[in-house]
Amino acid sequence: MLTIKKKFSDSYNFVYNKTVILRADLNVPIKDNVVTDVTRIKKIVPTLKKLLENKAKIIIISHLGRPNGVWSKEFSLKCVASGLEPLIKEKILFCDTNIKSLKKDELQKKFATYNIILLENIRFYKEEEENEEKFIKKLSSLGEIFINECFSCSHRNHSSISGVPKFLPSFPGQLLENEIQNLKNLFYITNHSNSIAVLGGAKISTKIKLLEYYASKFTKILIGGAMANTFLLAKGNEIGKSLCEKKMVKYAKELLTKYKDIILFPTDAVVIDKTNNDKPQVKLIDSIKKNDVIFDIGPQTRMLFYNEIIKSDTLLWNGPMGFFEQKPFDAGTKFCLKAIAKNKNKKFFSVAGGGDTISILNQSNCFNDFSFVSTGGGAFLEFVQGAHMPGLASLND
Ligand code: ADP
Ligand code: MG
């Protein structure tokens with residue numbers, strides 16, 4: 001597994017009077033030109049303060065949404081600059097000059113008045129996602145030191161992630177370092193510990209490596225959500241009209257044979273009968289009929305999973321146990337989350353991650369019950385299964 005050789009604090013000696021390019025994740029929700037959730041902006045404030053204390057000049061680079069290489073007002077970072085100013089208590093220059101025609105000298109002149117310059121959305125340039133050499137060189141020419149503070153993109157081979165470190169002395173940022181330190185704990189599990197992975201969500205195909213990795217490593221894997229439906233189908237159960245991935249049935253069978261004592265499945269479910277769209281009912285898995293749709297784990301399964309979770313000392317959680325966006329199908333996930341809170345006072349290390357997983361943690365107010373919640377989304381999934389991360393590897397070169 002990858003270890004980053006440098007620390008954020010190693011950069012302190014190098015940044016004095018230098019221009020630092022800070023790649024951040026300011027991909028925040030915006031409505032009517034106002035940032036509606038400043039959590040991500042707040043998070044980089046300590047990093048910026050540390051750099052300013054060490055007399056750095058800072059160029060912030062970030063992406064916002066998916067503009068696919070096209071300039072558009074909708075994805076402009078302009079209002080993010082306004083959102084950051086009061087939090088850092090510094091005037092920030094928002095610079096929407098095209099990077100390709102931007103000169104280092106021009107930026108240096110601006111640094112006489114400003115300590116922080118925020119460039120326009122890096123994904124307005126198609127060269128960003130193409131990892132294009134000329135663009136990388138141009139970007140690198142604007143600064144002297146590079147800091148990667150964007151864990152969520154570090155599984156990508158993008159210009160501002162893995163490209164710039166080829167040309168500039170590079171360091172991890174404080175948040176990125178913290179993320180890696182926490183997630184690394186999952187790799188140091190001994191065979192004696194009671195480790196559990198709770199996996200759910202919609203698709204097995206997006207989480208194959210995750211399933212295999214933790215089935216071979218952890219004491220138990222609890223599977224819920226639509227992911228469980230594909231396994232139930234593979235076991236020969238009727239799952240009615242429930243969401244599943246037919247093309248993954250063969251793979252699910254193989255996993256079942258190999259790890260039958262490790263993987264636990266739902267024994268009951270909350271279903272809706274598609275023909276009369278009736279109220280949700282609880283059914284044992286063996287009693288599911290061809291018109292039923294499984295939307296959540298049932299009470300027996302909730303208890304089964306709860307009891308496993310409270311016995312564990314290490315836990316990884318990714319994916320909701322049901323169709324949580326619609327009540328009451330959030331109840332199964334929320335019930336199991338209570339077991340995490342119950343474990344809080346014992347020696348227990350728990351990590352959660354994934355876009356929808358974070359949404360339901362927020363909804364149920366149990367962010368703080370976990371030892372660590374990753375902000376990474378796709379990057380989190382890659383990291384926790386030991387995949388190669390170009391943005392992290394490039395910091396060591
Ligand atoms: P994450 O983003 O946390 O990695 P996923 O994207 O894999 O999670 O899965 C989340 C999605 O899975 C949600 O939209 C949720 O509604 C859906 N889901 C979970 N269980 C079911 C189910 N039984 N039927 C339909 N959708 C489900
Ligand atoms: Mg998702």
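I started with an open sheet of six strands, in the order β5-β6-β4-β1-β7-β8 with parallel pairing. I am working on a predicted model, where local features need pLDDT of at least 70, side-chain atom pairs count only at pLDDT 80 or more, and totals for chains, interfaces and linings use all residues. Residues are numbered from 1 along each chain as its sequence is written, chains are lettered from A and ligands numbered from 1 in the order in which they are written, and side-chain values use heavy atoms, leaving out hydrogens and water.

**Six-strand sheet**

I took strands (E, at least two residues) and helices (H or I, at least four) as DSSP runs numbered from the N terminus, and called two strands paired if DSSP finds at least two bridges between them. The edges are β5 (92-95) and β8 (170-172), each pairing on one side only. Neighbouring strands here are turned by 25° against each other on average, direction ignored; axes are lines fitted to C-alpha atoms, for helices over the stretch in contact, with angles from 0 to 180 degrees between N-to-C directions.

I then followed β1 (residues 19-24), which runs parallel to β4 (residues 57-61) and is joined to that strand by five bridges. Thr 19 has Lys 57 as its bridge partner in β4. Helix α2 (residues 78-88) packs on this sheet and touches β4, β5 and β6 (116-119) (contact: heavy atoms within 4.5 Å). The direction of α2 makes about 170° with that of β5.

**Three-strand sheet**

Next I looked up the open sheet β13-β12-β14, whose pairing is antiparallel. Its edge strands are β13 (281-284) and β14 (292-297), and its neighbouring strands are turned by 45° on average, direction ignored. Five bridges join β12 (residues 268-273) to β14, and Asp 273 is partnered there with Asp 292.

**Ligand 1**

Oxygen atoms of ligand 1 lie 3.2 Å from a polar backbone atom of Ala 202, 3.1 Å from a polar side-chain atom of Asn 318 and 2.9 Å from a polar backbone atom of Asp 356. Taken alone the ligand exposes 580 Å², and the protein buries 85% of that (Shrake-Rupley, 1.4 Å probe).

Key. Polar contact = N/O pair within 3.5 Å; in protein donor to acceptor, adjacent residues only side chain to side chain.
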